Amino acid sequence: MWKRQSLEELADREGKSLRWVQKQLDAATVQFPPLTPHPAVMLADTTFWGRSYGVCVFRALPAKRNLCWTEVEQETTAVYETSMQGLEVRGWTATAAVIDGRRGVARVFERRGIPVQFCQFHQMKTVTKYLTRRPKTEAGQELRKLACTLHKTKEKDFIAALTAWHAQYESFLNERSPAPHTKRGWEYTHRNLKSAYHSLTANLPYLFTYQKYPDLHIPNTTNSLDGMFGQLKKKVNIHNGLRRDRRFKMISTILAGKAKKSAQKDH
């Protein structure tokens, strides 16, 4: 798990057969460190290996403890709801939640009265997806430039700048082109630009939550989880071809290990 140890290397080291090593690994159980429930800011996000296998993780800050993780085939609101319910049963309380901005997930926390922060880094990635890193139009260039200031701007200043941008480029934004293949016979000429703008306006209520609750020390990104996901994938991808149950055991051991290290630091 922690190094590039193949079954062959383990078998040679132990002086046993490959089958013996596999039996030991299959019989091993994941050790979950005891964590005392308490109010905490929670990061929640899902990472995928391919299109149909992922793991949804909830992490508590500031201790960076991984509280729960679930295998998923697709990222749905139900996964986050079930995870949150499980944590509540165990006694955990979220003082705030930081998520990647996926539609519907915010409601899982809002209905509990929990402040929600959308990850500004993911918002920037969404804008870049629509506009690319080098937009060809002036309006696109200015909108992306504005989006790049998210992390260093006050909410009122960003809203004022976005409003000014829309006033300047509204007619350009609403330009239409003939589209005989559609029912209405036309489509917006700059659809990607409109999508980038609507993404910002739709998510605006959640992009500056961290500024409204300074005492909660809410991060403005899910970078703590994203960085861990990168390390997790490097370790797991070393062992390509793992059977699904063995892969999840490996993932669980690594995630539980992270929590264990955090718990040890507390003591």
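Does K64 count as buried, partly exposed or exposed, and at what relative accessibility? K64 counts as partly exposed, because its relative accessibility is 47% (buried means under 20% relative accessible area, exposed over 50%, partly exposed in between, with a 1.4 Å probe and protein chains only). The points below start with the model as a whole and return to K64.

1. Basis. This is a predicted model, in which local features need pLDDT of at least 70 and side-chain atom pairs count only at pLDDT 80 or more, while totals for chains, interfaces and linings use all residues. Residues are numbered from 1 along each chain as its sequence is written, and side-chain values use heavy atoms, with hydrogens and water left out.

2. Overall. The protein has 11 helices and seven strands (helices are DSSP runs of H or I with at least four residues, strands are runs of E with at least two, and both are numbered from the N terminus). Its C-alpha trace spans about 75 × 45 × 30 Å along the principal axes. Of the 267 residues, 43% count as buried. Among contacts between residues at least 6 apart in sequence, 61% join residues at least 24 apart; contact means heavy atoms within 4.5 Å.

3. Core. The largest nonpolar core has 69 residues, and F58, F109 and L143 touch the most other members. Its largest share, seven residues, comes from α8. A nonpolar core here is a set of buried Ala, Val, Leu, Ile, Met, Phe, Trp, Tyr and Cys residues joined through side-chain atoms within 4.5 Å. Not counting residues up to four places away in sequence, L143 touches L131, L162, W165, L193, A196, Y197 and L200.

4. Helices α5 and α8. Two packed helices are described by the angle between their axes and the distance between the axes. For α5 (residues 120–131) and α8 (residues 191–207), the axes come within 8 Å and cross at roughly 170 degrees. That makes α5 roughly antiparallel to α8. Axes are lines fitted to C-alpha atoms, for helices over the stretch in contact, and angles run from 0 to 180 degrees between N-to-C directions. Angles under 35 degrees count as roughly parallel, over 145 as roughly antiparallel, 65 to 115 as roughly perpendicular and the rest as oblique. On the α5 side, Q120, Q123, T126, V127, Y130 and L131 meet N192, L193, S195, A196, S199, L200, N203 and L207 of α8. By class, this contact has seven nonpolar, seven polar and no charged residues (Ala, Val, Leu, Ile, Met, Phe, Trp, Tyr, Cys and Pro count as nonpolar, Asp, Glu, Lys and Arg as charged, and the others, Gly among them, as polar).

5. N192. This residue lies in helix α8. N192 counts as partly exposed, because its relative accessibility is 45%. Leaving aside neighbours within four places in sequence, N192 is in contact with Y130 and L131. N192 and F158 are 34 residues apart in sequence and 21 Å apart in space, C-alpha to C-alpha.

6. Helices α6 and α7. The axes of α6 (residues 138–147) and α7 (residues 155–173) come within 11 Å and cross at roughly 170 degrees. The two helices are therefore roughly antiparallel to each other. E138, A139, E142, L143, L146 and A147 in α6 meet F158, A161, L162, W165, Q168, Y169 and F172 in α7. The contact of α6 with α7 has 10 nonpolar, one polar and two charged residues.

7. Helices α1 and α2. Here the axes of α1 (residues 7–14) and α2 (residues 18–27) come within 9 Å and cross at roughly 100 degrees. The pair is therefore roughly perpendicular. L7, E8, L10, A11 and E14 of α1 meet L18, W20, V21, Q22 and L25 of α2. By class, the contact of α1 with α2 has seven nonpolar, one polar and two charged residues.

8. The loop between β2 and β3. P62 is placed in the loop between β2 (54–61) and β3 (65–72), and the peptide bond from L61 to P62 is cis, with omega near 10 degrees. K64 is found in the loop between β2 and β3. Phi of K64 is near 60 degrees, a positive value in a residue other than glycine.

9. H217. This residue is in the loop between α9 (209–212) and α10 (223–237). H217 is not a glycine, yet has a positive phi of about 55 degrees. H217 counts as exposed, because its relative accessibility is 67%.
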